[in-house]
Amino acid sequence: MALAGRNELCPCGSGRKYKRCCGFHRATDRALEERLHAIEELARLAFLSPRLVPDSDGYDAWVRTVLAGEAEADTEAAIAALGPDEPGRILTACLELYPDAWAVLAARCGSDRDAVAALLGGAVAAGIRDFAPIERFAVETIEDSDELLRDPFEALALCFDGEQLWASEAGAEAERVIDAIPDWVDDDAYERRWNESLEATAGRLTTQWHRRRLARLVGRVEHELPLDGFPLASTAIRSGCERFVADEGCRRRLAAVLLGNMLGRDTLGQLRNAIAA
């Protein structure tokens with residue numbers, strides 16, 4: 001609430017109208033806060049969909065130099081490492097996925113250039129998550145499981161999270177398809193139809209971007225091998241990586257398994273909050 005009317009004398013005693021004194025500074029502060037909030041939310045958009053994270057050899061090389069302690073984690077350097085085409089691809093994907101959020105937040109940001117910079121800054125930050133080591137629990141599980149050691153595909157699948165490949169919208173679509181399976185079928189038939197439905201949905205939703213993204217994720221896992229202290233798991237995962245490269249059916253199956261990991265997840269609330277804030 002304003003301390004005085006806009007055209008009244010400012011209560012600070014300056015003798016000037018409120019709108020030209022303390023009221024001006026309060027309005028300026030509010031505008032700055034709103035702009036900073038919009039920049040934060042624009043950066044956060046990149047965490048809502050894997051399509052908004054970098055897909056670039058140059059970016060991968062930059063992250064590895066940072067993780068090796070050979071370079072500073074500088075956002076401008078990371079954006080430069082994306083190459084000439086990747087910034088445009090990320091922006092186009094954002095406009096396709098979240099047009100309403102972009103319109104609102106970019107307007108609050110006050111500058112298209114600053115809005116794009118905020119989005120790209122968020123993208124390079126979100127992409128670093130892909131370089132996190134394979135979860136120790138997963139590696140230990142593979143190392144100690146005869147079943148997983150005999151099935152390199154299952155060993156490889158444990159190295160990923162569904163959100164690395166699919167957005168929550170894809171998970172919601174898969175859930176609608178799964179929910180359409182009748183409850184009255186027996187367990188074996190239900191499991192078969194569940195797998196068939198999931199694979200069909202993944203096949204329908206998979207684009208060239210998904211194929212390229214999944215290949216990059218598998219390549220990053222292979223780059224980590226061997227895992228210190230886990231020789232059996234390392235061998236199984238490497239075999240899974242080799243099978244992924246050689247077998248198209250394995251690539252389709254992995255995409256479906258990761259889509260299954262998205263069932264029951266909902267990150268769209270973050271987007272709604274970003275628009276409403």
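Some ground rules come first. The model is predicted, so local features need pLDDT of at least 70 and side-chain atom pairs count only at pLDDT 80 or more, while totals for chains, interfaces and linings use all residues. Residues are numbered from 1 along each chain as its sequence is written, and side-chain values use heavy atoms, with hydrogens and water left out.

Let me start with the chain as a whole. The protein chain has 15 helices and zero strands. Both kinds of element are DSSP runs numbered from the N terminus: helices are H or I with at least four residues, and strands are E with at least two. The chain has 277 residues, and 40% of them count as buried. Buried means under 20% relative accessible area, exposed means over 50%, and partly exposed is in between, with a 1.4 Å probe and protein chains only. Now contacts, meaning heavy atoms within 4.5 Å. Among contacts between residues at least 6 apart in sequence, 73% join residues at least 24 apart.

Next, confidence. The term is pLDDT, the predictor's confidence in each residue, from 0 to 100. The protein chain averages 86, and 84% of the residues score at least 70. Which helices have the lowest and the highest mean pLDDT? Helix α15, residues 268-276, has the lowest at 45, and helix α13, residues 231-246, has the highest at 96. Over residues 267-277 the pLDDT is below 50, and this stretch has 20 contacts in the model beyond near neighbours in sequence. Where pLDDT is low, the predicted coordinates should not be read in detail.

Take α12, residues 208-224.

Cys250, Leu254, Ala255, Ala256, Leu258, Leu259 and Gly260 are buried in α14. The buried residues of α14 pack against α9, α10 (168-179), α11, α12 and α13.

Now the spaces. Both kinds are found on a 1 Å grid over the protein atoms alone: a cavity is a set of points where a 1.4 Å probe fits but cannot get out, and a pocket is an open set with protein on both sides within 12 Å along at least five of seven lines; lining residues have an atom within 4 Å of a point. Grid points are joined across faces, edges and corners, and a volume is the space filled by probe spheres set on the points.

The largest pocket has a volume of about 510 Å³. It is lined by 26 residues, and Glu135, Cys159, Phe160, Asp161 and Gln164 lie nearest its centre. Which helix gives the most to this lining? That is α12, with five residues. By class, the lining of the largest pocket has 14 nonpolar, four polar and eight charged residues. Here Ala, Val, Leu, Ile, Met, Phe, Trp, Tyr, Cys and Pro count as nonpolar, Asp, Glu, Lys and Arg as charged, and the others, Gly among them, as polar.

The second largest pocket holds about 280 Å³ of space. Of its 16 lining residues, Thr206, Glu248, Arg251, Arg252 and Ala255 are the closest to its centre. Here α14 gives the most, with seven residues. The lining of the second largest pocket divides into six nonpolar, four polar and six charged residues.

There are also two cavities of 30 Å³ or more. The largest cavity has about 80 Å³ of space. Eleven residues line the largest cavity, and the closest to its centre are Phe47, Leu48, Ser49, Glu163 and Trp166.

Arg35 is partly exposed, with a relative accessible area of 28%. Arg35 and Cys109 are 74 residues apart in sequence, but 4.7 Å apart in space, C-alpha to C-alpha. Leaving aside neighbours within four places in sequence, Arg35 is in contact with Arg108, Cys109 and Asp114.
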